[in-house]
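Please read this briefing alongside the sequence and the coordinates.

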Amino acid sequence: PEHGFLVIVGDLPADELEKQVRAAFADWASRGASTPRAPAPPLAPRAPDAQMQSDPRVAAVARICRVAPPEPVGDELANLRSLLMRGLWQAALEQRLNVYKSRRDTPFSEISISDELRPDALKSCVAVTPLKGRELAAIAAVSGEIRRFGREGPSEGELDAAVEQLRGSIRRGIDAPPRASSARADDLMDRALDGLPQLSPRAGLKALDSLMDDVGPDAVKATFARDWAGWGPLVTGTTPQALPQGELMAAVQAQPAPLPPAPAPRPTPRRTTPLTAAQAREVAELAERGRALAAKRKGDKALKAFNAGLAIDPDSGDILNARGNLYLAIDRADLAMTDFDHALAVNPKDDIVLFNRGVADKQLGHNSEALRDFNKVLRLAPNDAATLAQKADTYRQLGDLLLARDFYDAAIAADPRGAAAWQARGEVKGLLGDTAGAAADQAQARKLNPALG
């Protein structure tokens, strides 16, 4: 029994179901001494290899795989992190290969990435469907892009898209129709046997949100390096006509084709000498003047004051933040991002600028980057109601209404006087079908701020 799994699915409360299970299986005991499960023997390492079969009756397909040693056994949280990180690099690499697929000179028509986690190994594979007669070019192109990804890792944009893809796949589990108990039991058993965490889709979204608190491109690159550092690459598949083994191995070990040089980024002005006392006073006065003009909705004059201050001190975080807020007010989040990025280069822990950059990212639709900034603010100020509400707004924008409601709950708990959070939570409750809850929240919002009526 110590090596067994028992899965029961029913409509009873979990604690009541567990009580009945324990009573029914109380006499389930081992016969004889318990023996520890023997560890799986290590697989014999293999050098790069390719074994393609030719058959004129079938379409060409190739699988480029690596076999890595099994991951160390960890707790449920560590296993979940590994699972999500693997999903991120796979989504990012697949996105990059799909961009290649859209090129006019692409040698392949389809691409997919998969993995198989076993007690003795982790197998990761990239499957490619070559165009007719371009099998070697397809294998070489994909092999080269895999090597480029290993050297460079994903870009911020690719990581953002990967998070959205992973979040979407988890969200589909929330929206999926109810399944039969037998299907649920099979799924739970499969996950238990594979050592995967048992989480509901909603809990999975929360786990992804927590993971993205501190995950950037470098962490995803490191996970890819671990998973793709095993034996191989091993290439298998079928082609209509036989491929010369020498040319096939050359394609397997192809290096990435050079990319055109990226345009040089526009240089950001930086202060090179310390300010004098008089200059510091003048910068402070210009900042205050600009804020006063912005409050009176005299944006053009406010912008002139901010620009004059930055001409004296290009690194003034105060003015950079104020000018960024002015850009946000006129729906120029793209310009605001430049100012917020500059200000955070000067002081990466400025929670006010982090918050504002998150708002700009949200306006631009960069939801994952917005969530990362809001999470950084919450590490510095864990119960900041405005940040919790912005985080809820971001999840609402993503369509994750349950998570949005959770963070509106947290925002209201942190500041029960925030009428906007009550109003927004009421709207989300209405979308979730909770009409009574929606009416109560909106009534409270109008009580706090009659203008909302």
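**Sheet and helix pair**

Five strands make up an open sheet of mixed pairing, in the order β1-β5-β2-β4-β3, where strands (E, at least two residues) and helices (H or I, at least four residues) are DSSP runs numbered from the N terminus, and two strands pair if DSSP finds at least two bridges between them. This is a predicted model, in which local features need pLDDT of at least 70 and side-chain atom pairs count only at pLDDT 80 or more, while totals for chains, interfaces and linings use all residues. Residues are numbered from 1 along each chain as its sequence is written, and side-chain values use heavy atoms, with hydrogens and water left out.

- β3 runs antiparallel to β4 (residues 121–130), and 10 bridges join the two; Ser114, for instance, has Cys125 in β4 as its bridge partner.

**Helices α13 and α14**

- The axes of α13 (residues 351–364) and α14 (residues 367–380) come within 8 Å and cross at roughly 160 degrees, with axes being lines fitted to C-alpha atoms, for helices over the stretch in contact, and angles running from 0 to 180 degrees between N-to-C directions.
- That makes α13 roughly antiparallel to α14, a term for angles over 145 degrees.
- The contact (heavy atoms within 4.5 Å) involves residues including Leu354 and Phe355 of α13 and Phe374 and Val377 of α14.

Definitions and conventions
Parallel < 35°, antiparallel > 145°, perpendicular 65-115°, else oblique.
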